[in-house]
Amino acid sequence: DDLLDAARERLGREADALSPPGKPEHAVVDAADDFDLLILSRTNLRPGPHSIGHGTRFVVDHARCPILLVWPGEPGTGGPPRV
């Protein structure tokens, strides 16, 4: 609940919370069917494919809508690691 409350606060408006049964990544793919855009965060700041966790990779591979994949962190402090 604390995580959802923090996300709503950063979003700046009310948002519906879904809790369907099953694996979360499957629920995200099903819920995103009618989305114009799905925004996902990378799992960590590691470069390359290891920056995306298993669940996020599943969503990236199976969602039927455009996806924006962003780096985690607060605005202005995140971003891709320097290589």
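Select Asp61 first: at 48% relative accessibility, Asp61 counts as partly exposed. Here buried means under 20% relative accessible area, exposed means over 50%, and partly exposed lies in between, computed with a 1.4 Å probe on protein chains only. The model is a predicted one, in which local features need pLDDT of at least 70 and side-chain atom pairs count only at pLDDT 80 or more, while totals for chains, interfaces and linings use all residues. Residues are numbered from 1 along each chain as its sequence is written, and side-chain values use heavy atoms, with hydrogens and water left out.

**Asp61 and its partner**

Asp61 forms a salt bridge with Arg57, and the closest N and O atoms are 3.4 Å apart. A salt bridge is a side-chain nitrogen of Lys or Arg within 4 Å of a carboxyl oxygen of Asp or Glu. Both residues lie in helix α3, 4 residues apart, which is about one turn of the helix. Arg57 is partly exposed, at 33% relative accessibility. Helices (H or I, at least four residues) and strands (E, at least two) are DSSP runs, numbered from the N terminus.

**The other salt bridges**

How many salt bridges are there by this rule? The count comes to 3. Side chains of opposite charge can pair when their charged atoms come close.

Next, select Arg8 and Asp5. These residues form a salt bridge, with 3.3 Å between the closest N and O atoms. Arg8 and Asp5 are 3 residues apart in helix α1 (residues 2-11), so about one helical turn separates them. Arg8 is partly exposed, with a relative accessible area of 22%, and Asp5 is partly exposed as well, at 44%.

Then move to Asp33 and Arg64, whose side chains meet in a salt bridge (2.5 Å, N to O). Asp33 lies in the loop between α2 (24-31) and β1, and Arg64 in the loop between α3 and β2, so the pair ties together parts that are 31 residues apart in sequence. Asp33 is partly exposed at 37% relative accessibility, whereas Arg64 is exposed, with a relative accessible area of 53%.

**The two strands**

Select residues 38-41, which form strand β1. Which residues make up its covered face? Leu38 and Leu40 do, while Ile39 and Ser41 make up the uncovered one.

Bring helix α3 (residues 54-62) back into view. Together β1, α3 and β2 make a right-handed β-α-β unit. A crossover is right-handed if, with the strands pointing away from the viewer, the path from the first strand over the helix to the second runs clockwise.

**Between helix and strands**

Select Thr56, which has its place in helix α3. Is Thr56 buried or exposed? At 18% relative accessibility, Thr56 counts as buried. Leaving aside residues up to four places away in sequence, Thr56 touches Leu40, Ser41, Thr43 and Leu69. Contact means heavy atoms within 4.5 Å.

Gly53 is the next stop, in the loop between β1 and α3. Gly53 is buried, with a relative accessible area of 19%. From Gly53 to Ser41 the distance is 9.9 Å, C-alpha to C-alpha, and the two are 12 residues apart in sequence.

Now select α2. Its buried residues are Glu25, Ala27 and Val29, and what covers them includes α3.

**The whole chain**

Finally, show the entire protein chain, which has 3 helices and 2 strands. Read along the sequence, these elements follow the pattern α-α-β-α-β. Of the 83 residues, 18% count as buried. Among contacts between residues at least 6 apart in sequence, 60% join residues at least 24 apart. The accessible surface comes to about 6600 Å², of which 55% belongs to carbon and sulfur atoms. Accessible areas come from the Shrake-Rupley method with a 1.4 Å probe, and for residues only the protein chains shown count as cover.

Colour the chain by pLDDT, the predictor's confidence in each residue, from 0 to 100. The mean pLDDT of the chain is 83, and 87% of its residues reach 70 or more. Among the elements, α1 has the lowest mean pLDDT (81) and α3 the highest (94).
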